[in-house]
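Thanks for making the time this morning. I would like to walk you through one structure, slowly, for anyone who has not looked at it before.

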Amino acid sequence: MADFRIERTKTPTSAEQRQALMVDPKFGRVFTDHMAVIRYTDGKGWHDAKIIPRQPLQIDPASTVLHYGQEIFEGLKAYRGKGGAVTLFRPEANAARFAASARRLSMAELPEELFLGAIKELLKVDRDWVPSNPEQSLYLRPFMISNEVFLGVKRANEYLFIVLASPVGGYFSGNGSIPVWVSETYTRAAPGGTGEAKCGGNYASSLLPQQEATDNGCSQVLFLDAKERRFIDEMGGMNVMFVRKDGSVVTPPLGGTILRGITRDSILKLGRKLGLTMVEEPLAIDEVFKAAEAGEITEAFACGTAAVISPIGEFRRESGSVAFGDGKTAGPITMKLRNALCGLQRGEEADPFGWVHTVSL
């Protein structure tokens, strides 16, 4: 692993200020004092690894990221575990997905040891920002941008990798189930596109349909497949799962358009460990509406790093709506999976998978 040069801020946040900021941090609004930075240049490779005070970036207006959108990111969390230990949940999976996103956008691949090293070095410096409140965590945002000064459509030869950290509470406000808008006008990704890559463009294209969801009183938008506008794909910022009356859990299969969610994969493996039947198969939106109305589908939930597992109360679309269960509270299978996952992430339950990594501070 590369040696990181450490440059601490000269104006650190005081313990009192930090405590006040972390009482009820809004998601992604509060940031720690430092950030990790590594540079890449063709012919030189990755270099100049450092931890520096969090600060604005100075980039040229002709920087390629501003014109051609070579940008990728990840999201993972650090937790305060037993005895005050700081832990990470499956960070190597984030590193692998980050590399896969880089390949899809023709960007320089960051080695796993540098990805993990940057996160761990940042945590060492900003360890006091990891919340002790079990309902909170430290959200980590590794991202990479192309940084060559050039106007022309080609693969850039310079990149900037940065990790930010932000103490957070829940992604959705409130504790109840969320309503979700089914978009029948817009799609998220098409076969052969960038659906599997975690890149900013996928999220930028979701903002208009997300506004449509908001206008219809919904917290999130659900996308259908781009080819037939028939099958459930994923939500604007997370994957989706359903619980059938027989207790089985079903989610759309991966096929190039759906992000390979690490939380999604963890739930599938954890559910099987708990004795649940976990199924990956296509789900037609009309059939989901009918099954929910008939009581054949009793629960639905969103899942992702930010959302963890968030119950869905109802789907809404232009032709009407349908509730899952009572439409207000999380169902028993949803809560069983959520409690098991959160317990594992926080070190409160045994880890049979080797997913939890304790960070040496």
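Valine 308, with a relative accessibility of 11%, counts as buried, because the cut-off for buried is under 20% relative accessible area. Please keep in mind throughout that what we have on the screen is a predicted model.

Valine 308 belongs to strand 16, which covers residues 308-317, and its phi is positive, about 60°, even though valine 308 is not a glycine. As background, most residues other than glycine have a negative phi. Arginine 90 sits in the loop between strand 6 (86-89) and helix 3 (91-104), and with a relative accessible area of 10% arginine 90 is buried.

Let me turn now to strand 3, which runs over residues 45-53 and is mostly covered, since eight of its nine residues are buried. Which strands does strand 3 pair with? Strand 1, residues 5-6, runs parallel to strand 3 and is joined to it by two bridges, with isoleucine 6 standing opposite isoleucine 51 of strand 3. Strand 2, residues 34-41, runs antiparallel to strand 3, and seven bridges join the two; within this pairing, methionine 35 has isoleucine 52 of strand 3 as its bridge partner. Strand 2 and strand 3 together form a hairpin with three residues between them, and in the turn you will find glycine 43, which has a positive phi of about 90°.

Finally, let us look at the surface, where Tyr68, Leu151 and Val153 form a nonpolar patch that has about 340 Å² of accessible area together. Is leucine 151 buried or exposed? Leucine 151 is exposed, because its relative accessible area is 57% and the cut-off for exposed is over 50%. On the chain, leucine 151 is placed in the loop between strand 7 (137-146) and strand 8 (158-168).

Notes
Residues are numbered from 1 along each chain as its sequence is written. This is a predicted model: local features need pLDDT of at least 70, side-chain atom pairs count only at pLDDT 80 or more; totals for chains, interfaces and linings use all residues. Side-chain values use heavy atoms; hydrogens and water are left out. Patches are made of residues with over 30% relative accessible area and no salt bridge: like charges are joined within 9 Å, nonpolar side chains (Val, Leu, Ile, Met, Phe, Trp, Tyr) within 5 Å. Accessible areas come from the Shrake-Rupley method with a 1.4 Å probe; for residues, only the protein chains shown count as cover. A salt bridge is a side-chain nitrogen of Lys or Arg within 4 Å of a carboxyl oxygen of Asp or Glu. Helices (H or I, at least four residues) and strands (E, at least two) are DSSP runs, numbered from the N terminus. Buried means under 20% relative accessible area, exposed over 50%, partly exposed in between (1.4 Å probe, protein chains only). Two strands pair if DSSP finds at least two bridges between them.
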